[in-house]
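Please walk through the fold of this protein chain.

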Amino acid sequence: MHQQRGAVLAMAIFIIVVLSFVGVAVVNILTSSSKATVSEVYGARALFAARSGAEIFLADELLANADSFIVDDCGARNEGSAPSDVDVNPYQVEFSDSNGSGLSDCRAEVYCDQVTTPLNSLHVRVESIGSCAISDNEYSRVLLLEASDAVL
């Protein structure tokens, strides 16, 4: 009995150290899980902003020319380039709480280009970049839509 003095103290210190490492690991997992959730939510909001921006753009353009499929604000297509690489004057959509959209602190920039196909139909590409900001972070998503007046 005399030789076992302090053995319990060594085991207690060992258990405290092991539990400390487990606690730190659990806190790190919860923190990274929380960051991933925030990133997923704001990424989804950025995608919805991109989609809404593209829909607003197309509605404005197509309603302005209801009798024909003409998109006046789209420049000529530059093969091998995305619309955002060529279009220097994007269609801007700012979302705020005042319009009740649920996309506060989000915006969309919409770029487009067009080409007349060999079948004499119009083919339009619309690239919408939605972005949402939270504190120092900005989340963005890109959506590419294509429309044509040809029937295949």
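Among contacts in the chain between residues at least 6 apart in sequence, 56% join residues at least 24 apart, where contact means heavy atoms within 4.5 Å. This is a predicted model, in which local features need pLDDT of at least 70 and side-chain atom pairs count only at pLDDT 80 or more, while totals for chains, interfaces and linings use all residues. Residues are numbered from 1 along each chain as its sequence is written, and side-chain values use heavy atoms, with hydrogens and water left out.

The chain has 2 helices and 5 strands, which follow one another from the N terminus as α-β-α-β-β-β-β. Helices (H or I, at least four residues) and strands (E, at least two) are DSSP runs, numbered from the N terminus. Of the 152 residues in the chain, 28% are buried. Buried means under 20% relative accessible area, exposed means over 50%, and partly exposed lies in between (1.4 Å probe, protein chains only). The chain exposes about 10,300 Å², of which carbon and sulfur atoms supply 59%. These areas come from the Shrake-Rupley method with a 1.4 Å probe, and for residues only the protein chains shown count as cover.

The interior comes next. A nonpolar core is a set of buried Ala, Val, Leu, Ile, Met, Phe, Trp, Tyr and Cys residues joined through side-chain atoms within 4.5 Å. The largest such core has 10 residues: Y42, A46, A49, V93, F95, L103, C106, A108, C132 and Y139. Two or more of its residues come from each of α1 (7-64), β2 (91-95) and β3 (106-116), and α1 gives the largest share, 3 residues. A second, separate core holds 8 residues, including F57, C74, V110 and C112. Within the largest core, L103 is in contact with R45, F48, A49, S52 and F95, leaving aside its neighbours within four places in sequence.

A pair of aromatic rings is described by the distance of the centres and the angle of the planes. Rings of Phe, Tyr and Trp (its six-membered ring) pair if their centres lie within 6.5 Å; planes under 30 degrees apart count as stacked, over 60 as edge-to-face and the rest as tilted. A search of the whole structure finds 2 aromatic pairs. In one of them, the rings of F57 and Y91 have their centres 5.2 Å apart and their planes at 65°, so the pair is edge-to-face. The pair links distant parts of the chain, since F57 is in helix α1 and Y91 is in strand β2, 34 residues apart. F57 counts as buried at 2% relative accessibility, whereas Y91, at 22%, counts as partly exposed.

Which cysteines does a disulfide join? A disulfide is a pair of cysteine sulfur atoms within 2.5 Å, and by this rule the count comes to 1. The disulfide joins C106 to C132, with an S to S distance of 1.9 Å. The link is right-handed, with 110° about the S-S bond. C106 lies in strand β3 and C132 in strand β4 (residues 122-134), so the pair ties together parts that are 26 residues apart in sequence. Both C106 and C132 are buried, and both belong to the largest nonpolar core.

Strand β4 also holds H123, which counts as buried at 17% relative accessibility. A polar contact is a pair of N or O atoms within 3.5 Å; within protein, one must be able to donate a hydrogen and the other to accept it, and residues adjacent in sequence count only if both atoms are side-chain atoms. The side chain of H123 makes a polar contact of 3.0 Å with the side chain of R77 and a polar contact of 2.9 Å with that of E146. Leaving aside neighbours within four places in sequence, H123 is in contact with R77, D113, Q114, V115, T117, E146, A147 and S148.

A133 is in strand β4 as well and is partly exposed at 32% relative accessibility. A133 and Y42 are 91 residues apart in sequence, and their C-alpha atoms are 8.1 Å apart in space.

Strand β1 (residues 75-76) is where G75 is found. G75 is partly exposed, with a relative accessible area of 35%. Beyond its neighbours within four places in sequence, G75 is in contact with C112, D113 and Q114.
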